[in-house]
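Hello,

Here is the structure you asked to take over.

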Amino acid sequence: MQIAMIGGGYVGLVSGACFAEFGTDVAIVETDPGRLAALREGRIPIYEPGLDKLVADNVAAGRLTFGDDIEKAVQDAEAIFIAVGTPTRRGDGHADLRYVYAAAEQIAKSMNDYAVVVTKSTVPVGTGRQVSDLIRRVRPDLDFDVASNPEFLREGNAIGDFMRPDRVIIGTDTTRPGGGERAREVLRRLYRPLYLIEAPILFTGLETAELAKYAANSFLAMKVTFINEIADLCEKVGAEVHDIARGIGLDNRIGRKFLHPGPGFGGSCFPKDTLALVHIAQDAGSPMRLIETTVDINDARKTRMADRVVAACGGSVSGLTIGVLGLTFKPETDDMREASSIPILHRLAAAGAGLRAFDPAGMTPARPLLPEATQYCADAQEAATGADALLVLTEWNEFRALSPARLRDVMKGDVVVDLRNIWDPQAMRAHGFRYSSVGRP
C-alpha cells in the first residue's frame with residue numbers, strides 16, 4: 001500500500017514514520033527547504049525520543065521518502081494525508097486553515113486516480129466538507145473521498161501512542177453514494193496492524209471525528225485546570241494535592257492521568273484547541289462556558305506564578321539572580337509553544353530579575369521567545385550556581401536527581417520555587433531551603 005503525507009512537521013513526520021513501520025510505502029512532502037534538507041540528510045528537526053531511529057530504519061528499508069513534489073508523491077497513493085499546521089488565527093482565535101486549503105488545492109491538481117484525502121491536522125467542524133467542495137471545484141472529474149483521522153499523539157510519547165493507541169477515530173462522508181464504505185475500506189487496510197492488537201478503531205461521520213479531537217483535548221485541559229484550582233485550595237486549608245489526586249484518580253470514572261498540578265498547560269494543542277473550540281461553539285450558537293472559563297483561568301495562572309516567585313523572594317526580585325530549571329512546556333520535547341516559561345520569565349525580567357536558565361532540549365527554540373538578557377547554561381548545576389532563587393518550570397527527570405546538599409552549596413540564596421513538585425518538601429527544608437511548591441504544605 002502507498003500513501004502520501006503532506007507536511008513533514010511533528011504530526012506528519014511521526015505519523016509517516018509509523019505508517020512506514022507498518023509496512024506501508026510513505027512519501028512525505030515538505031516544502032520548507034531547510035526542513036526538507038535536514039530530513040534527507042537524516043537529521044530530525046524535532047525532538048521526539050526514538051524518532052530518529054524509526055525514520056532511519058524505514059528510509060533504509062525504502063519505505064519512507066522525503067520530497068517537495070506533491071504531484072510525484074500522490075501518484076498511485078491510495079490515501080493522501082493533510083498534516084499541515086493549523087495555528088490560531090491572529091486577532092480572533094479561530095484556527096487558520098490557509099495551509100489546509102492550499103494543500104487540498106495542490107492535491108486536486110495532482111491526483112490522477114481515486115484516493116482518500118484525509119485531514120490529519122486538527123481542523124474545525126465542517127473543514128472536511130469544505131476540502132471536498134474545493135477539490136470538486138478544481139477537478140470536477142476526480143473520483144475521491146474525504147475523511148478525517150485526527151491524531152492523539154503526546155509529545156515525548158508519540159511513537160508509543162501511534163503504535164499502541166487508546167483508539168483511532170476515522171470519520172468519513174456517510175452522505176456519499178455508498179455511505180463512505182470505499183474510504184473506510186482503504187483506511188481499514190492501512191490500519192490493519194492495529195486490528196491485530198485489537199486497538200479500538202471507531203468509524204464515525206466527518207463532523208463527529210473533527211469535533212472529537214477538540215472535545216478530547218478540551219476535556220483534558222479542563223482536568224488540568226481543575227487540579228490546579230484544587231492545588232490552590234490545598235494551600236489555603238493545609239491539604240496535600242497529590243494525595244487528593246491519587247484519591248480521586250483511583251476512581252475509574254475519573255482516572256489518574258492529567259491530575260498533576262503545575263503552572264498551567266501549554267504546548268501545541270491544549271491552548272490552541274480550547275480556544276478554537278470556544279469559537280466553534282460560539283459560532284454555532286452553543287457557547288461552552290466551561291471551556292471559556294478554562295482558557296481564562298489558565299492564562300491568569302501563568303501570571304500568578306510569576307507573582308508567587310516575587311513573593312517567595314520577599315516582595316521584590318529587582319537585582320536578584322534566578323536560576324531556572326526547564327523551559328519547554330513539558331519534558332521529553334523541545335516544544336516551546338505556549339510554554340508557561342514565556343510569560344513567567346518575561347514578567348520576572350520586567351521586575352528586574354536576572355535569569356540563568358537550563359533546559360535539556362529547549363534552549364535553542366527558547367532564545368527568540370524569552371527575555372533577551374537570559375543567560376543559557378550548560379547544565380542544571382550551572383544554572384543554580386550563584387542564584388538567589390531557583391525556579392523549576394519543567395519536570396525533566398534529571399532535575400529530580402539533583403542533590404539538595406549540592407544545590408545549597410552552589411546557590412547564593414535559599415529560595416526554591418518548585419512549580420512542578422519534583423522534590424520532597426521536608427528534604428529541601430532540612431537542607432536549609434525556603435521551599436515552596438504547588439498544593440502541598
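Helices and strands here are DSSP runs, a helix having at least four residues and a strand at least two, numbered from the N terminus. The model is predicted.

Second largest pocket

The volume of the second largest pocket is about 230 Å³. Its lining consists of 17 residues, and those nearest the centre are Val26, Ala27, Thr65, Lys72 and Ala73. Four elements each contribute at least two lining residues: the strands β1 (2-6), β2 (25-29) and β3 (64-67), and the helix α4 (70-74). Sorted by class, the lining of this pocket holds six charged, four polar and seven nonpolar residues.

Cavity

One cavity of 30 Å³ or more was counted. Thr119, Ser121, Thr122, Val123, Ser148, Pro150, Ala209, Glu210 and Lys213 line the largest cavity. Helix α10 (residues 206-237) gives the largest share of that lining, with three residues. By class, the lining of the largest cavity has four polar, three nonpolar and two charged residues.

Sheet

Six strands make up an open sheet with parallel pairing, in the order β11-β10-β9-β12-β13-β14. At its edges are β11 (375-376) and β14 (434-436), each of which pairs on one side only. Within the sheet, β9 (residues 321-325) and β12 (residues 389-392) are joined in the parallel sense over four bridges, and Leu325 is opposite Val392 in β12. Helix α13 (residues 289-312) lies across β9, β12, β13 (415-418) and β14, at about 160° to β13.

Regards

Conventions. Residues numbered from 1 in each chain as written. Predicted model: local features only at pLDDT ≥ 70, side-chain atom pairs only at ≥ 80, totals over all residues. Heavy atoms only, no water. 1 Å grid on protein atoms, 1.4 Å probe; cavity = no way out; pocket = protein on both sides within 12 Å on 5 of 7 lines; lining within 4 Å. Points joined across faces, edges and corners; volume = space filled by probe spheres on them. Nonpolar A, V, L, I, M, F, W, Y, C, P; charged D, E, K, R; others polar. Pairing = 2+ DSSP bridges. Contact = heavy atoms within 4.5 Å. Axes fitted to C-alpha atoms, helices over the stretch in contact; angles between N-to-C directions.
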